[in-house]
Amino acid sequence: MYKFSLIAASRGRYELLMQFINSVFTTATTPEQIELFIMADDDDLKTHQTIASLSLPNIHLYSQERTPHLNRDYINKAANMASGNYLWVLGNDQEIVTHKWDYILEIEIEKFLKDKSDRIAYVYVDDSIHKPGEYGGCCCPLVTREHVKTLGWYMPNEIYTWAADHFLWKIYKGLKQNRILDCRNVKATHHSHHTGEIPQDEI
């Protein structure tokens, strides 16, 4: 079992994908304790070639016919295969810039879970775009394995693509006991259309 399971649905953007993968493992304290799921379309041959060229045992490439159900068919499929204690969905247009991010997150999450026997939690990181209260949650929150085991999904299956992160935030904000951990000392820069760096995703 791995400590962290990272998930990225990826199509195109091969240079950004390599930058993302490199940031995951080179900034981690124990990269061998991290598994990465790349969820790709079966017609995106260059993504397949890119991942195959890396020959890393803890990168899992899954291929399927393209569908519009980003959350159900890509993110949640990977989440239900993941073995990590903590799951983190990111994009191929993101870059983890905090060194020792895995060590920092594990310490903070386990401290937060001490009074939560079911180990269900939502972890807010710095996504470089949204501020708490400005949008409603983080576009790339972590959740615990128990979140997925309890709900059956990482993001709500009913929401195809955008706004699922906001809906998840509203669920956690509505709980009586605080289950939201602020870990904005860990940053994943988002090279996105929000900043004008790349075009908006084609879904």
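User: What is the distance from the sulfur of Cys-139 to the closest cysteine sulfur?

Analyst: Happy to start there, and please keep in mind that this is a predicted model. In general, a disulfide is a covalent bond between the sulfur atoms of two cysteines. Here the closest cysteine sulfur to that of Cys-139 belongs to Cys-140 and is 4.2 Å away, which is too far for a bond. Cys-140 is in no disulfide either, since its nearest cysteine sulfur, that of Cys-138, is 3.9 Å away. A search of the whole structure finds zero disulfides.

User: Is Cys-140 buried or exposed?

Analyst: Cys-140 counts as buried, because its relative accessibility is 1% and the cut-off for buried is under 20%.

User: Let's turn to helices. Which residues of helix α2 are buried?

Analyst: The general idea comes first. An α-helix has 3.6 residues a turn, so residues three or four places apart point the same way. In helix α2, residues 45-52, the buried residues are Thr-47, Thr-50 and Ile-51. Looking down the axis of α2, you see these buried residues within an arc of 95 degrees, so they line one face of the helix. The face turned away from that buried side carries the exposed residues Leu-45, Gln-49 and Ala-52.

User: What covers the buried residues of α2?

Analyst: The cover includes strands β1 (4-10), β2 (34-41) and β3 (59-64), along with helix α1 (14-26).

User: Now a loop residue. Where is Asn-58 found, and which residues is it in contact with?

Analyst: Asn-58 is in the loop between α2 and β3. With a relative accessible area of 10%, Asn-58 is buried. A polar atom of its side chain lies 2.8 Å from the backbone oxygen of Ile-34. Beyond its neighbours within four places in sequence, Asn-58 is in contact with Tyr-2, Phe-25, Pro-31, Glu-32, Ile-34, Glu-35 and Leu-36.

User: How many aromatic pairs does the count come to?

Analyst: A pair of aromatic rings is described by the distance of the centres and the angle of the planes. The count comes to seven aromatic pairs. Take Phe-37 and Tyr-62: their ring centres are 5.9 Å apart and their planes stand at 20 degrees, so this pair is stacked. Phe-37 is in strand β2 and Tyr-62 in strand β3, so the pair ties together parts 25 residues apart in sequence. Phe-37 is buried, at 2% relative accessible area, whereas Tyr-62 is partly exposed, at 34%.

User: Are the rings of Tyr-124 and Trp-169 stacked or edge-to-face?

Analyst: The planes of Tyr-124 and Trp-169 are at 75 degrees and the ring centres 5.6 Å apart, so this pair is edge-to-face. The pair links distant parts of the chain, 45 residues apart, with Tyr-124 in strand β6 (residues 122-126) and Trp-169 in helix α6 (residues 164-173). Both Tyr-124 and Trp-169 are buried. Elsewhere, Phe-4, Tyr-86, Trp-88 and Trp-101 form one aromatic cluster.

User: What sits over the ring of Phe-112?

Analyst: The charged end of Lys-116 does, 3.8 Å from the ring centre. Another case is Arg-184, which lies over the face of Tyr-124 at 6.0 Å from the ring centre.

Terms used: Residues are numbered from 1 along each chain as its sequence is written. This is a predicted model: local features need pLDDT of at least 70, side-chain atom pairs count only at pLDDT 80 or more; totals for chains, interfaces and linings use all residues. Side-chain values use heavy atoms; hydrogens and water are left out. Buried means under 20% relative accessible area, exposed over 50%, partly exposed in between (1.4 Å probe, protein chains only). Helices (H or I, at least four residues) and strands (E, at least two) are DSSP runs, numbered from the N terminus. The arc is that of the directions from the helix axis to the C-beta atoms. Contact means heavy atoms within 4.5 Å. A polar contact is a pair of N or O atoms within 3.5 Å; within protein, one must be able to donate a hydrogen and the other to accept it, and residues adjacent in sequence count only if both atoms are side-chain atoms. A disulfide is a pair of cysteine sulfur atoms within 2.5 Å. Rings of Phe, Tyr and Trp (its six-membered ring) pair if their centres lie within 6.5 Å; planes under 30 degrees apart count as stacked, over 60 as edge-to-face and the rest as tilted. A charge sits over a ring if NZ of Lys or CZ of Arg is within 6 Å of the ring centre and within 35 degrees of the ring normal.
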